[in-house]
Every structure is written in structure tokens, then in C-alpha cells.
Amino acid sequence: MTAEAILEVRGLNKSFGGVKAVDDCSFGVPAGSVLGLIGPNGAGKSTTIDMVSGFGRPDSGSVRFEGTELVRQPPHRISRLGLIRTFQSPREWGSLTVLDNVMLGMRAFARESIPRNLFARRAVRRAEAADRVRVEEILHEFNLAALRHERAETLSGGQKRLVEFARVAAAQPRLVILDEPMGGVNPVLGERMSEAIKGFVTAGSTVVIVEHNMKFIEETCDDVVVMDLGHVIAQGPYSSLRDDERVVTAYLGSVDE
């Protein structure tokens, strides 16, 4: 594994009822890159990212994020280390406004302290005011400013996805995993998301994308990991994978057709 890898997955295994969903899965994610994770349905992609992000526990193997072992750590602790993820269906607090949904992305963990809120109220208020200014900027960046006071449950699916991306921008993660961000998204919004991902990297994040839209993967990712039957069969630039017989047989052949 290269020294600049921000995430190192080594020998992950996971079985369900005797069926091996993930089989000796290993790959690395270079810091500052955009990496695609692809493969046919049932390849083990979702199970793998669940284990990386703390929503599943491997039977064996290691997941190291910036040198810290993540296996057996709960999702909230992993997120506080700077690794967050989205899900196939956008998740929002429906009764809260768009602005409040994005505010919740701010990583203001120090201000969650009861003593700080009791004895440093003025400093907390100043910090919260600065957060609100930044969130307003993000809402403008994602064309959500006009919807700031709308309840999130009233938004369209595409707008909810934008709110999710805006919340990622507010969190400023070290690494973000996007689970099928193009699902049900129109091409115009897809272009906006591609630009947002570039913005995440510019701001210092590393991005992993699980996606079936190969055009999006080809245009967005620096590197691609291909899974089949629970293990990694190839990793490299998308262009190089077109000539890999294992990848074409398992996935790209049918997708390209």
C-alpha cells in the first residue's frame, strides 16, 4: 500500500448464513483522489462500504483510516474522525428546514460540550453565527438559497440529493463515501454533482463513489476498483480496465453494450 493512502482495506471477509458476501477484499484509496467502486449487483460493494463506515462488522480483516483502525468502531465515532457517507436514498430531517439540515453538517463537536455551553455562551454564539454565514454560502453554491426555509420533506428527490451534498460540504470530511449518488438523478443535476465532487477534493476531501453509471465514473474518477463475487478483481484508471478481460467479462462488457 502506498504511503499516501488515506484509507487501507485489508483482507475483509463477511458471510451471511453461509454465503460469502465479501471475500478477502483489499484496496487502497490515495489521499486527495476520487475513487470509483464498481461491480455487478451482488459483488459485495454495499457490504464493503457498510463495514468501512461502521454500519457493518467484518468477520475478519482490517480497515485503517489515516492510520486508525476502524473495525469495531461505531459510525458516530468514525464520522468524528472525518469519514462520512451518504446512502442510496437521500436521508434528511424532513421536519427541519433546508438551512437547518445543512447546519447539522457543521462539525462543531466542541460546542456539544455542556460545560462549554454553560460557561462560554458568548463564544458559542459567535461560532454559531460564523457557521450560519458559511452555511448560507454553501446554500448559494448549491442553488438552494431560495429553499432555505422550506421543510426538507417537501423537496423533490433531486433537491434532497443536493441538500445531502451541501451537508457534506458543510461537514468538510477528510473522506466521503457516496453511495450511488446518480440514482434517479437527471443529467443536468448530475453535472452539478460532478462539480460538487471536484469542490470536495479542492477543499481537502478524498472521495469514494459507488455507482453503476459508467459515464459518470469515467468522467469523475481518477481510479476505479472493480469487485466481483466479493473480492477485488482489478484496480486502475477506467481506461485501462476496458482491456482487462476479467473486468469486461464480469461487468464492463454488459454495461458498455
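**View 1. Contacts of Ile209.** Ile209 touches Val34, Leu35, Gly36, Leu37, Leu178, Pro181, Ile197, Phe216, Ile217, Thr220 and Cys221, leaving aside residues up to four places away in sequence; contact means heavy atoms within 4.5 Å. The model is predicted, so local features need pLDDT of at least 70 and side-chain atom pairs count only at pLDDT 80 or more, while totals for chains, interfaces and linings use all residues. Residues are numbered from 1 along each chain as its sequence is written, and side-chain values use heavy atoms, with hydrogens and water left out.

**View 2. The nonpolar cores.** A nonpolar core is a set of buried Ala, Val, Leu, Ile, Met, Phe, Trp, Tyr and Cys residues joined through side-chain atoms within 4.5 Å. Buried means under 20% relative accessible area, exposed over 50%, and partly exposed in between (1.4 Å probe, protein chains only). The largest core has 45 residues, of which Phe142, Ile197, Phe200 and Ile209 touch the most other members. Helix H6 (residues 157–171) supplies the largest share of this core, eight residues. A second, separate core of 27 residues includes Val22, Val29, Leu37 and Val225.

**View 3. The six-stranded sheet.** Six strands form an open sheet in the order S6-S7-S8-S3-S9-S10, with mixed pairing. Strand S6 (83–85) and strand S10 (231–236) are the edge strands, each pairing on one side only. From one strand to the next, the twist averages 20°. Helices (H or I, at least four residues) and strands (E, at least two) are DSSP runs, numbered from the N terminus; two strands pair if DSSP finds at least two bridges between them.

**View 4. Strands S3 and S8 with helix H7.** Strand S3 (residues 34–38) and strand S8 (residues 206–210) run parallel and are joined by four bridges. Leu37 has Val210 in S8 as its bridge partner. Helix H7 (residues 187–202) packs on the sheet, where it touches S3, strand S7 (175–179) and S8, and its direction makes about 145° with that of S8. Axes are lines fitted to C-alpha atoms, for helices over the stretch in contact, and angles run from 0 to 180 degrees between N-to-C directions.

View 5. In strand S9 (residues 223–228), six of six residues are buried. Asp223, Val225 and Met227 point one way from S9, whereas Val224, Val226 and Asp228 point the other way. In a regular strand the side chains alternate between the two faces of the sheet. S9 pairs with S3 in the parallel sense over four bridges, and Leu35 has Asp223 as its bridge partner in S9. S9 and S10 run antiparallel, joined by five bridges, with Val224 partnered by Gly236 in S10. These two strands form a hairpin with two residues between them, and Leu229 in the turn has a positive phi of about 55°.

**View 6. Helix H1.** Six of the eight residues of helix H1 (residues 45–52) are buried, so the helix is largely enclosed by the rest of the structure. The buried residues are Lys45, Thr47, Thr48, Ile49, Met51 and Val52. Gly54 follows H1 and has a positive phi, near 90°.

**View 7. Strands S1, S4 and S5.** Strand S1 (residues 5–16) pairs with strand S4 (residues 60–65) in the antiparallel sense over five bridges; Arg10 stands opposite Ser62 in S4. S4 also runs antiparallel to strand S5 (residues 68–69), with two bridges. Phe65 has Thr68 in S5 as its bridge partner. The hairpin of S4 and S5 has two residues between the strands, and Glu66 takes a positive phi near 50°.
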